Amino acid sequence: MSQEKEIIVGGQAVIEGVMMRAPNSYAVAVRRQDGSIVSKSERLPKLADKYPILKTPVLRGSAVLIHSMMLGVKALNFSATVAFEDQEGEEAKPPPLEARSAASGALMTTAHVVESPRQVGRREAVNESSKSESSRAAGRAAGKAAGESGGAAATAAGSIAFALVFNILLFIALPLLLTNFLFIYFGWGSAPQIVTQLSTGQAAASGAHWYYEAWTWLQAYVMKPARPSFAFNMVDGVIRMIFFIIMIFGFSRLNDIKRIFEYHGAEHKTVFAWESGDELTVVNARRHPRQHPRCGTSFLMVVMLVSVALFSVVKFDALTLNLLARIALIPLIAGVSYEIIRAAGKRESGAIFKLMTLPGIWMQNLTTREPSDDQLEVAIYALKESLKLEPVVGA
């Protein structure tokens, strides 16, 4: 494999498009309703060169995860903007070509559009006065965009914070509480023996209010901690995995999400074509599988497996401390999982790594769908735009 093909690339599906990332750059391409492709590409800051500690195995995984989340939100915002502009165009009668050129001037300063020959002819027919008006409109829009850049950054940070809190509640706190309840209620493993007013019926006999009975029940079956064991964490991991599968299955039933899953498949096929050394064409990408071991879905499944092992080592008698420990271990779990996914993605990786990513491969039957040729074209275009900014490929 040539030096160019050794460049590790990845991506993410967005609204009617794909974001592709190379080591030093990224690009997002979106298909408009008129058939054209709008893309945006940028170089990425070399944080590892500035902070060499970020090259350390395990630690680099946490840094990559955070950076990927930021890029993902940025790419989604770009695709949502394009989709919103298309929706506005459908709701209102299209204005003259000159007005449309003025409105899109700011976008065209940072985005590249693939135009059909007919579109090129119409664009060249615009007179000098409309070009002047487009330039003035682009200047006004660019100024407005610069003034709102801080707001966009705040929005991205807010989206990431919300996602973190939501995932902590759904995949850490709730499974822990449910597992603790099951072990207390059924007396499994290291569950303490509970003797309360609720269990003896004294609360009901004494005429206690319903809220007192509820509080007693919570103290007995939820707040009383069962010391985590390997069996405890296995049940906790199974519950967490069930939540994840239910969430993915629910999303897969939505029409809009189905489209994103198709672009997800296009992204995987394109990455496979690049890693195989094939020329980046629709025909070559089409013949590759849509399940990839370095997918985020596989990463999440590996996270669940790694968490079972680490949570069995770090454990406390207090339920609150167990919850806090699990939150604190997220960076370490993410780092270890990243190294496993990275190793499994190599051709020479051992069977143990491939086995650990196998559940994620199966799960990708839900999170990916067979893409159309038009969707593959978008994914290929995004990867090519990203590679143009790479020092090796672009030299």
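## Helix α18

The expected span of a helix is 1.5 Å times one less than its number of residues. With that in mind, welcome to this predicted model, where helix α18 covers residues 373-387 and has 15 residues. From its first C-alpha to its last, α18 reaches 21 Å, close to the 21 Å expected at 1.5 Å a residue.

Is α18 mostly covered or mostly uncovered? Helix α18 is mostly covered, as 11 of its 15 residues are buried. Among them are Leu376, Val378, Ile380, Tyr381 and Leu383, along with Gln375 and Glu385.

## Two aromatic pairs

Let's turn to the rings. A search of the whole structure turns up two aromatic pairs. One of them joins Phe171 and Phe244: their ring centres are 6.2 Å apart and their planes meet at 65°, so this pair is edge-to-face. Phe171 sits in helix α7 (residues 149-186) and Phe244 in helix α11 (residues 230-252), so the pair links distant parts of the chain, 73 residues apart. Phe171 counts as buried at 10% relative accessibility, and Phe244 is buried too, with a relative accessible area of 4%.

Now for Phe183 and Phe232, whose ring centres lie 5.1 Å apart. Their planes are at 55°, so the pair is tilted; edge-to-face would need over 60 degrees. Phe183 belongs to helix α7 and Phe232 to helix α11, so this pair ties together parts that are 49 residues apart in sequence. Phe183 counts as buried at 4% relative accessibility, while Phe232 is buried with a relative accessible area of 1%.

How values were computed. Residues numbered from 1 in each chain as written. Predicted model: local features only at pLDDT ≥ 70, side-chain atom pairs only at ≥ 80, totals over all residues. Heavy atoms only, no water. Phe/Tyr/Trp six-rings, centres within 6.5 Å; stacked < 30°, edge-to-face > 60°. Helix = DSSP H or I, 4+ residues; strand = E, 2+ residues; numbered from the N terminus. Buried < 20%, exposed > 50% of the residue type's maximum accessible area, 1.4 Å probe, protein only.
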